[in-house]
Amino acid sequence: MPGSRLVTPGWHHGLMNIMLFHSTQGLRPAVLQAADRLRAAGHEVWTPDLFEGHTFDTVEEGMQHQEKIGKDELLKRAVMAAAPYSERGLVYAGFSLGASIAQTLALGDDKARGLLLLHGTSDIAPDVTAEDLPVQLHVAEPDPFETDDWLSAWYLQMGRTGADVEVYRYAGAGHLYTDPDLPDYDEEAAEATWRVALGFLETL
């Protein structure tokens, strides 16, 4: 059907192949724990280290390092990490910065099986199409990096691409509320997020 996505069955026994990108604070233990949680559900997961070993305790430190590397280089590293597996039909996922990167890659990959966004979104080019791409976003409410106005505009723009979008908000949680080693952590919100996200992956 013209305009529809080229969706093919996953190679991993019908389960998902997930490319999971870290936040601006780097490949912290929480990212690896999240990958293990996904693997325990039967999924294949890759966690590329876009910061090449650097991790940070604060968003500010991470953003300085991110700016030093540059947006184009980070995206190049992400594309190179995903390229060997993209033919299998990836679910792109990420935390904050990683969610932004995951969104960019998923919208450019007509074999993408889904997009799971945790704590972050990105700009959407006006000519992008993502017909029937399943998208799920989990974000704090409020979130200083994902304001209500921004999220409303993002939701409308994503809808115009043809994507099938779900948004979940968590009142009172910090920005990176799924990381148990950070002050943002909210156990109830984190567990709710993973419960819904695992259900989402089962539908793909």
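Where is D132 found? D132 sits in the loop between β4 (114-118) and β5. This is a predicted model. Its largest pocket has a volume of about 690 Å³. A search of the whole structure finds 8 salt bridges. Three residues, R28, D57 and D179, are linked in a network of such bridges.

**Backbone features**

- D132 has a positive phi of about 65°, although D132 is not a glycine.
- D132 counts as exposed, because its relative accessibility is 52% and the cut-off for exposed is over 50%.
- S96 also has a positive phi, near 55°, and is a residue other than glycine.
- S96 lies in the loop between β3 (90-95) and α4.
- S96 has a relative accessible area of 14%, so S96 is buried, the cut-off being under 20%.
- E141 and P142 are joined by a cis peptide bond, with omega about 0°.
- P142 belongs to the loop between β5 (134-141) and α5 (148-160).

**Largest pocket**

- The lining of the largest pocket counts 29 residues.
- The closest to the pocket centre are Q66, L97, S100, T121 and S122.
- Helix α4 gives the most, with 6 residues.
- By residue type, the pocket lining divides into 13 nonpolar, 13 polar and 3 charged.

**Largest cavity**

- The count comes to 1 cavity of 30 Å³ or more.
- The largest cavity holds about 60 Å³ of space.
- Its lining is made of S23, R28, A30, V31, F95, L176, T178 and D179.
- This lining divides into 4 nonpolar, 2 polar and 2 charged residues.

**The salt-bridge network**

- How far apart are the closest N and O atoms of D57 and R28? They are 3.6 Å apart, and the two residues form a salt bridge.
- The D57 and R28 pair links distant parts of the chain, 29 residues apart.
- D57 is in the loop between β2 (44-46) and α2, while R28 is in the loop between β1 (17-21) and α1 (29-40).
- The side chains of R28 and D179 also meet in a salt bridge, at 2.9 Å from N to O.
- R28 lies in the loop between β1 and α1 and D179 in the loop between β6 and α6 (187-202), so this pair ties together parts that are 151 residues apart in sequence.
- R28 is buried, with a relative accessible area of 7%.
- D179 is buried as well, with a relative accessible area of 6%.
- D57 is exposed, with a relative accessible area of 58%.
- Both R28 and D179 are also among the residues that line the largest cavity.

- R77 forms a salt bridge with E73, and their closest N and O atoms are 3.0 Å apart.
- Both residues lie in helix α3.
- R77 and E73 are 4 residues apart, about one turn of the helix.
- E73 counts as partly exposed, at 30% relative accessibility.

**Surface patch**

- Which residues form a nonpolar patch on the surface? The patch is made of Y155, L156 and V167.
- Together these residues have about 270 Å² of accessible area.
- V167 is found in strand β6 (residues 164-171).
- V167 is partly exposed, with a relative accessible area of 33%.

**Strand β5**

- V135 lies in strand β5.
- Is V135 buried or exposed? V135 counts as buried, at 0% relative accessibility.
- V135 and G162 are 27 residues apart in sequence.
- In space, V135 and G162 are 11 Å apart, C-alpha to C-alpha.

Note on methods: Residues are numbered from 1 along each chain as its sequence is written. This is a predicted model: local features need pLDDT of at least 70, side-chain atom pairs count only at pLDDT 80 or more; totals for chains, interfaces and linings use all residues. Side-chain values use heavy atoms; hydrogens and water are left out. On a 1 Å grid over the protein atoms alone, a cavity is a set of points where a 1.4 Å probe fits but cannot get out, and a pocket is an open set with protein on both sides within 12 Å along at least five of seven lines; lining residues have an atom within 4 Å of a point. Grid points are joined across faces, edges and corners, and a volume is the space filled by probe spheres set on the points. Helices (H or I, at least four residues) and strands (E, at least two) are DSSP runs, numbered from the N terminus. Ala, Val, Leu, Ile, Met, Phe, Trp, Tyr, Cys and Pro count as nonpolar, Asp, Glu, Lys and Arg as charged, and the others, Gly among them, as polar. Patches are made of residues with over 30% relative accessible area and no salt bridge: like charges are joined within 9 Å, nonpolar side chains (Val, Leu, Ile, Met, Phe, Trp, Tyr) within 5 Å. Accessible areas come from the Shrake-Rupley method with a 1.4 Å probe; for residues, only the protein chains shown count as cover. A salt bridge is a side-chain nitrogen of Lys or Arg within 4 Å of a carboxyl oxygen of Asp or Glu. Buried means under 20% relative accessible area, exposed over 50%, partly exposed in between (1.4 Å probe, protein chains only).
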